[in-house]
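Let's take a walk through a protein model together, one stop at a time. Keep the picture open while you read.

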Amino acid sequence: MEITLNYPFWDVGIGYGVLMAIFAVTHVFVSHFAIGGGLYLVVAETAARRKNDTERLNFLQQLSKFFVLVTVVFGALTGVSIWFVIGLLNPAGTEVLIHNFVWGWAIEWTFFIIELCAAILYFYGWQKISARNHLTIGWIYFIAAWLSLFIINGIVTFMLTPGKWIETGNFWDSFFNPTFWSSLVLRTGICLMLAGLYALLVASRYKASDFKRRLVRYNAVWGIVGLVITMLSFLWYVGAIPDTIMTAAIDKMPTPILSIRAMYVYSGGIATFLILFGLILPRAYHTVIGIGVMILGLAWFGSFEWFRESVRKPYVIYGYMYANGIDIAHADLYQRDGYLPHMAFRTGDDGADLFRRSCRSCHTMSGYHPLRPIFDGTDKEFIAGMIKGVHVAKGNMPQFLGTEGEVRILAAYLYNKVDHRHLSKIYSLSGAALGRKVYDIRCGPCHIFGGFNDKSASLIGLNDQEYNDMLNIADDLGEEMPAFTGDEVERKALIEYLTSLSKGGTP
Amino acid sequence: MNLPDYNFLPAPLWVITVLHLVTLMLHFAAMNFLVGGVIVILFGKFKNRWNDPTAQKFIKLFPIAMMATITLGIAPLLFLQLVYPRQAYAAAIVSGWFWLLIVVVAIIVYYFLYAASFSQDSSRRWIALYLSVALVGFVYISYVYSSTFSLAERPDLVKLIYTHTQSGFTLNPDVGSYILRWLHMILGAITVGGFFVGLLGMNNPQAYNVGKQFFLNGMIVTMLVGLGYLFTLDEILLSFMRSPAVWFLMVSIAMSLGALRFFFTRRFAVSGIMLLVSLLGMVTIRHYVRLLHLEGVYDPAAYAIKPQWSVFALFLNCFVIAIVAVWYMLRLNHHSIDAAHDRLES
């Protein structure tokens, strides 16, 4: 049997999403500063040298030390950490990327060499190198750093919008994909914004003075200009994402909208602080404010990455590979033989192997995106039905492509991990309240009143007999609909709840 | 479903292998400067250790050497992942926590090296502590690397480990198969570190002598340990002796001895080049050992080749541009420093 699922699974207690976010968000927050900060340094140095502004030059020298310690050390190594972590969390996805983009990464590496050499020479060169040569090195740094963004932007955007590559397999189709240019401008804006925020943090340590006023205002302008470019180009970026992708994401999950809202809130926060303490009260730009604005900037970036990741669900490479590393190209194979015969690494516990391969990338049993609350008090049949129809449920999840037998094995595995008491006991509920819980658990994953796949029009206003009839034929109502397998107590409570809705009860 | 296949190499295997080996050699050269340098500076018989100009020079250079080690380590890791992703990732996954911790340790080490580098006269006493912490970090990183990459050559063992535990808390349990490999790498670093101390201290008799001692003694011990490692190859030893690797071994030994000879006659350029060729030989031997371990299980030559020549050409151009840009910046740096000296003298 051909082995297509080539990797073991790192069954770490922490959610993969959290682990990835820790490394990725920290890295991008520094790496974008590494680019914008490079531009800031040379532009500010040019102006300072023209005006023979020694105070400003001293500040820039201090900033460049901070810059090197943050970007060359922390930025570079957290960049490497992303390699390490994606290889652990999604080796199959990483393998796809590396085979398609190895020369892209190799090109980025050449820019990285220039960038790091230039950063070191620039930092150590303040007292040693002539002004002209120092600035030349500064410009070389910035150009190399921005070009490395140019390259990595092509790879990152490919994962969300692979564009024509899906048909052609051509490198250039994958690189210059539908969101490439908008993302490049967006990320350039972020670089400028972060240059301002980091420079403000360093400036915040200065005592209130005329110089601090000038400095803080100057830095705030960088932050504001960057923020404006970022938010405008974000609209372009969102518009460049194909409708099919956006619609699928927004229909099935609140996350994209929530993350956009968060971005707007954080943008408003950053803008308020920059205008108030950056432009109007620059002398009062205290370190606490500087740290606060940095936290807002980090939160903004986290929200943006959250948006990008949520829109891309359920894929790691859109339309090509699911987030759990299952490649669509082998869908027929898995549907015919199941996952197990195609796994290179098995533990002897098939249920656990199927759980890890299918669910564990995004779910734990009780921690991150837990499954226990979803399945507590239910039964194997219901769990099996949920597995089979998981791709039509809310949350934008990948289809389970395994065989019927594997569905049963996985359902049994999950059933053994959940609370087997009756729902009424687990939640201490009865009557309509219990019925609501039954609805949330058994119907809610796919039908939300007033929300995702709303069925209130056909559900509200029936009589007890009609509800009973409907529950009896639930599995005939749709291909992915599971049978109603709750007991009589659950059935009665559910009908009581649904009946209460037609009498003005709240869903 | 008719989707693009990713099971291909975007250039002929030999191109990728050459790039992998050359960049790995450069990575090892930088790493040897760094790790070997730290060990020699910490344990070499210097009088007034922290005031010795060569030691000071090294301490200033350590953060830059760390930067070079990391930067030059990215490319070989990239090419390794391209050709051996299934072996490398699988081994990394079963050692997941140890593997991931490498980055955290490297960040700490980097900052300690900067702390040593920024130390002023008044805080020199801390340098020993900073460098010792860095050394502990190097030991950790190098050991986990040895464990992981030796495990990558044993897919059967990875599978066995995975059936018992999936939490990523396992290093390669067959310590005997790689402990000498790891030791050989550390001792090799000390040897090359001795060369660099002698090179940078060529006009400083004390530093030159310290470097010479480490270079000579390090090489003897490294060769003995390397020989010992060969005997741990067990079932592939015979194949190894019949493979081209054995010729690379001969050349590497000859080059190492030649490097030693020219170091003693103070012809550092020739000695350095021979040392570099010897390093290239060593990484090539590592490559052959990997192939022999994986023989019958995995053959990288089985990959389909779908060259991306246009991107590859762009990479080569960028690589040349990078070399020119670095050379140009170093020139700007030196010209400016020379001009400053001239101004001071006049």
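Asp11(A) is partly exposed, since 18 other C-beta atoms lie within 10 Å of its own. Here a residue is called buried if 20 or more other C-beta atoms lie within 10 Å of its own, exposed if 12 or fewer, and partly exposed in between, with C-beta atoms placed from the backbone. You'll find Asp11(A) in the segment before H1 of chain A. Leaving out residues up to four places away in sequence, Asp11(A) touches Arg356(A), Arg360(A), Gln166(B) and Ser167(B). Touching, or being in contact, means that the C-beta atoms of two residues, placed from the backbone, lie within 7 Å. His391(A) is another matter: 380 residues separate Asp11(A) from His391(A) in sequence, and their C-alpha atoms are 23 Å apart in space.

A quick word on how to read all this. The model is predicted, so local features need pLDDT of at least 70 and side-chain atom pairs count only at pLDDT 80 or more, while totals for chains, interfaces and linings use all residues. Residues are numbered from 1 along each chain as its sequence is written, and chains are lettered from A and ligands numbered from 1 in the order in which they are written.

Now step back and look at chain A as a whole. Chain A has 21 helices and 2 strands; helices (H or I, at least four residues) and strands (E, at least two) are DSSP runs, numbered from the N terminus. Along the principal axes, the C-alpha atoms of chain A fill a box of roughly 90 × 55 × 35 Å. Chain A has 507 residues, and 49% of them count as buried. If you take the contacts in chain A with a separation of 6 or more, 76% of them come from residues 24 or more positions apart.

A few spots in chain A deserve a visit. Take Asn52(A), in the loop between helix H1 (16-50) and helix H2 (54-89) of chain A. Its phi is near 55°, a positive value in a residue other than glycine. Asn396(A) also has a positive phi, of about 55°, although it is not a glycine; look for Asn396(A) in the loop between helix H15 (380-388) and helix H16 (404-417) of chain A. Are these two residues buried or exposed? Asn52(A) is exposed, with 8 other C-beta atoms within 10 Å, whereas Asn396(A) is buried, with 21.

Next, find Pro314(A), in the loop between helix H11 (287-312) and strand S1 (315-317) of chain A. A cis peptide bond joins Lys313(A) to Pro314(A), with omega about 5°. Over in helix H8 (residues 210-240) of chain A sits Met231(A), which is partly exposed, with 17 other C-beta atoms within 10 Å. Met231(A) and Tyr264(A) are 33 residues apart along the chain, and 8.6 Å separate their C-alpha atoms.

How do the two chains meet? The contact takes 61 residues from chain A and 56 from chain B. On the chain B side, H2, helix H3 (85-94), H4, helix H6 (155-164) and helix H12 (309-345) each supply at least two residues. H12(B) gives the most, with 17 residues. By class, this side of chain B divides into 44 nonpolar, 10 polar and 2 charged residues. For the classes, Ala, Val, Leu, Ile, Met, Phe, Trp, Tyr, Cys and Pro count as nonpolar, Asp, Glu, Lys and Arg as charged, and the others, Gly among them, as polar.

The axes of helix H3 (residues 91-124) of chain A and H2(B) come within 10 Å and cross at roughly 175°. Axes are lines fitted to C-alpha atoms, for helices over the stretch in contact, and angles run from 0 to 180 degrees between N-to-C directions. H3(A) and H2(B) are therefore roughly antiparallel to each other, a label for angles over 145 degrees. Among the residues that meet here are Trp105(A) and Trp109(A) in H3(A), and Ile74(B) and Leu78(B) in H2(B). The contact has 15 nonpolar, 3 polar and no charged residues.

Note on methods: Parallel < 35°, antiparallel > 145°, perpendicular 65-115°, else oblique.
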